[in-house]
Structure formats: C-alpha cells, structure tokens
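Have a look at the structure, then work through the steps with us.

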Amino acid sequence: MSHRGRRTGSGARVLRAPAPAKGTIVKALRGADAVAEAMRQVNPGVVAAYPITPQTDVVERFSEFVADGEVGTEFVTVESEHSAMSACIGAAAAGCRVMTATSANGLALMWEMLYIAASYRAPIVMAVANRALSGPINIHCDHSDSMGARDSGWIQIYSSTVEEVYDNVIQAVRIGESKDVRLPVMVMFDGFIISHLLERVRVLPDKKVQSFIGPPRPVYSLLDIDHPLTYGPLDLFDYYFEHKRQQVDAMEYAEKAITDVGKEYGQVSGRLYGYYEAHELDDAEVAVVALGSTASTIKGLIPEIRDERIKGGLLKVRLFRPFPTRDVVRRLSATKAVAVLDRSASFGADGGPLYLEVSNALGRAGAKTKVTNYIYGLGGRDISHEHIMRVYQDLTRMARGRLKPGTRYLGVRE
Amino acid sequence: MVTAARLLAGAALRADKYFQAFPEFGPERMGAPIVAFNRISSRPFSNYSQISNPDVVVVIDPTLLGAEAVIAGVGEDAIFIANSSEEARPVAGRLGLEPGQVYVVDASRIARETIGRDIPNTAMLGGVVGITEIVPLDDVIEELKELMGEKLGSERIEGNIEAIRRTFETIRAR
C-alpha cells in the first residue's frame, strides 16, 4: 500500500518477516471469532465467563467448541462477572490454564477480583472487547473500561486488527506464564469495530499453537498436596508492601518476556511482534501516538499525510502495561510535536491516560518535543480520515509555534 | 443483509482479495432498516473508520428508495444499485442522482420465481457482481454453497444460485 517503502523501527513488526508457517490457513473471521478460535487452539483447562455485548460472541462461539467436544475445557457458566473472575482465580490457583473474556460493565463488576488475580500471580488470559462504561448506557467502543483497570496489576495488550487479536491471545498465554512474570494478561480489541468486523486472518495449525504455548506447567498449585501452600492470607503492615514490590518487579520482567515471546512467535508464525510499532518515524517532524483500531487507520493514512508534504509518523502502542517509556523517549524525542490520541477521558486530570504516559516520558527525559492531546471516539463516535488529517495539520502548526499544545476533542459537538 | 455482506467477503477471500465486512453496529430489531458494509481491494489496506462516502450503494428493500439515508455521502462517481420493478431513470430522478449512475434489477421478482419467496438478498449479489466485477461470479456461488448449504438444503441453494445467475445475466445484458 505504501508507495515509498514504509520504514519500521527495531522494536516494530518488520516487513521482512520470516516465511509464514506451513499449514497456515487464511480465513474470514470477525474479531470475536478470532478470539474464540485462538482459545480453541489453546484449549485451556478452565473458562469461566458471563456474556456481555460485544464480548458475547466470543463466549457463544467458544461454548459451541465445548459442546462439540473440540476442546477439553471445563466451561463454568456463572451468574456474574465477579463470579467469573473468582472462578478463574480459583482454577488458576489449582494449577489450571485459565481464560475468560468480558467488556465494559462486566469488567467493572470484576474490579476487586482483578487486583486479587494479579496479586495471586495468576496468569489468567482475558480478552476484553472494549466498550464504553455506563452511563448513559452505550454498547459501543471506547477504552474507558480497560484504561480504568490500568493499575490493577494486569499486563495490558492492545490489538488493532482482527489478526492481531488472534496473535495476541496466543502470545498472552506464554507472556503471563513466563518465569518471574506470572501475571494475568488482558488482550484488548475494539468492541464492534474489531469484534464484529470480518477480515482476513492467517490461522496457524492447531499443532503449531500447541507446541508454541507448550503444556501447562503448574507453579504453586493448590492441588500439589506434597507442597501445601496458602493463597490470600491476611497480610498487614508486616509483608503486604513486599508483596506489592514483587508485583512491580514482575511487571519489569514482563518487558523482556513480551519481547522474547513476540520474536519467537514471529519465528513460528511469520509475524513478528515488538513492543510497539513505528511507521515513518525515522525522519518524522511530527508524530501521532495511538492504540487500538485507530492506530491501524492512521497507519493506512500515512502515505496520504506524506503526500501533503507533512513529515508525519506514527507510534502504535501495543503494550499499555508495562508501558514502553524508554521506547517512547527513543523514538519521539527528536520530533518537534507529538499528538496523543485517547479513546477515554480521565475526568479532572490534565488529559487522557495515554497522553499522561507519553507526556511524562518525554518531559522527564528533557525532550523539547511539544506534546498535545486529543480525546476522541467516546461511546463509539467514529474517527474519520478528516479528523486524522486535521491532527497532523494541527501538529505542523504546533511545530512552528502557531498553535499551543493542550487537550482538544475530535468530533464532539461543542 | 448481513449475510449478503458476509457472502461477498467470503467470495473476495476465494478470489484472494483483501476485504472487510461489518454490520451497522448496534442492536438489531426485526423489520427495522439495517445497513451492512464491505470494503474489497486487490491490495492490502488499513482502514477502520466507518464508511461515509461509498463507491457502491445497494438498496435491497425497495420501500427505502425514498429515504434520505440511502443517498447520504453518494458522490457523482458512485454506483447505485436498487432492487426495483421500475426503470432506472425515474428511480434516479426521485433520488436526485444522475441516470447514468443508477442501475435497477427486479430482484424481488427473480427471487419469487427462483426461490419461491421475496428474499432478494442473494439475487442482488448477482447484480452487484455483474456491474462492479469486484469478485468472480463463481466465487460468490461457491461461497454461498459453503456458507448456507447446510442451513438451506440443496433445493433452496439451487434456487438461490439460479437467482444470482439470472440477475447477473439480466444486468450484463444491458
């Protein structure tokens, strides 16, 4: 699509990837189908889930696999998301490989259990079809659900195409179970925009997925009666702080695990995954930082932006937790102006959550780059090509000192 | 409707093209007007915005031909394909479009004659493929067999294939 040979960064998904795996089948799948397909191939010991739009299709499809005997999973139908996550935690503590999926208010209802899953170091994999939180009631995409959970101790991976969510769910199993990491992983995909969109997905052979993830290796299993242990005891000012400090360390170890797993997945699938994706950043004067499907849309627009004689680039954030602070500094500090696109608001804060991370990273590094923020797409409001072009045009004015950085809103009636 | 978009996407996959198919997002009610979208290209593309300026508009329910929504974002270069028993000219006049950009096919009549019921969705696909040549006709038929074969049974599948072929040929004959 690019007529000038897109340059990608070292941490990025490079164009010259290894050859696709033998036996790969190209299928037409929706995002929800792709998640269910990855779950089928992983064949987890336990899935406990409760339906909520737009995640419902994931659970529906997976329950068909269970009913048809295509997986050996113990599928636990529960009465709420709070119970779903509780069941997942119990199964993970018993030593099972565990997966689930949710959206929006469902994620909100899991809240207290999210923190417990992370502190138990339970490597649960959860697909989150991003949806706006009520109220008013809205079933469409924004990122306020998962952004709210950013401090819960879960690794957070954002996907920007249907194929990416498939790839990320498989990699999440390995990342979460990595030695020294042992953390739960959320894999985000935009509700409806990705979950209900049908496109090409290169599906790996079942055996390739199985050999990539390997058999479950229970660590600290409650069922290992020769090594009795306790989960969730009272932990006051004597050791609670140390346990939290270990969670901080685990997130640091996760950075390497994510990079290693992405590389290894590239060898297996022909699709390399880095910590982030860079497009046309090498000579960029201005750049946009975005995640989710919008990042893909911007990627598709970069040739047009370059045709407008704007030296524009894109940094697509894949990992929000742990956040690629060093990469942001390395790739963006030479640019003059950066716009960060947030699909969620942080009420009362000085901008959206992604903006605060990027702005903090560049500010602490002493970069002279001007950083500005756009809130967009709340409740599924469309972000159009015109909106994106306007952002790049604003950036060129900002780079020349003709527009001040600040928080602006794309596509809202004011 | 959503199935028609799904079929077109599946045919695009068979033709080794790049594609997207998606419904108008949100809750669906029986009988309410619904919209579904396709993007199809022989080259990879990366676009997840909604479609506001379509190249091709297909109206399956003829009662919607007076609705403003069906011409929203339709430019001079767009192709408009309607299920209608009228000629193209009066339909174009009513919609305020150029007669040259409007095509009509009586998909409802063809559906009644081939499937036995007024289910014009598959028949319209024959018209779309006949005019745009976006995917080969055979790929649409193969996709229909695979996607709907089990659900519809061989007799109704044959009826649907006949409907697709007839609209394809009717529109090609013009």
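**Exercise 1.** Work out how many residues of chain A are in contact with chain B, and which elements of chain A supply them.

*Step 1.* Count two residues as in contact if their C-beta atoms, placed from the backbone, lie within 7 Å. On this predicted model, 23 residues of chain A then meet 21 residues of chain B.

*Step 2.* Take helices (H or I, at least four residues) and strands (E, at least two) as DSSP runs, numbered from the N terminus. Strand S1 (25–30), strand S8 (198–203) and helix H10 (293–307) of chain A each give two or more residues to the side that touches chain B. The largest share, 6 residues, belongs to H10(A).

*Step 3.* Sort that side of chain A by class: 9 nonpolar, 10 polar and 4 charged residues. Here Ala, Val, Leu, Ile, Met, Phe, Trp, Tyr, Cys and Pro are nonpolar, Asp, Glu, Lys and Arg are charged, and the others, Gly among them, are polar.

*Step 4.* Look for strand pairing, which needs at least two DSSP bridges. S8(A) and strand S1 (residues 18–23) of chain B run antiparallel, joined by 2 bridges. A:Leu198 sits opposite B:Ala21 in S1(B).

**Exercise 2.** Find the domains of chain A and describe their contact.

*Step 1.* An automatic or database assignment sets the bounds: domain 1 is 25–217 + 233–269 and domain 2 is 276–410.

*Step 2.* Over C-alpha atoms, the centres of domain 1 and domain 2 of chain A are 27 Å apart. Their contact takes 26 residues from domain 1 and 19 residues from domain 2.

**Notes.** Residues are numbered from 1 along each chain as its sequence is written, with chains lettered from A and ligands numbered from 1 in the order in which they are written. In this predicted model, local features need pLDDT of at least 70 and side-chain atom pairs count only at pLDDT 80 or more, while totals for chains, interfaces and linings use all residues.
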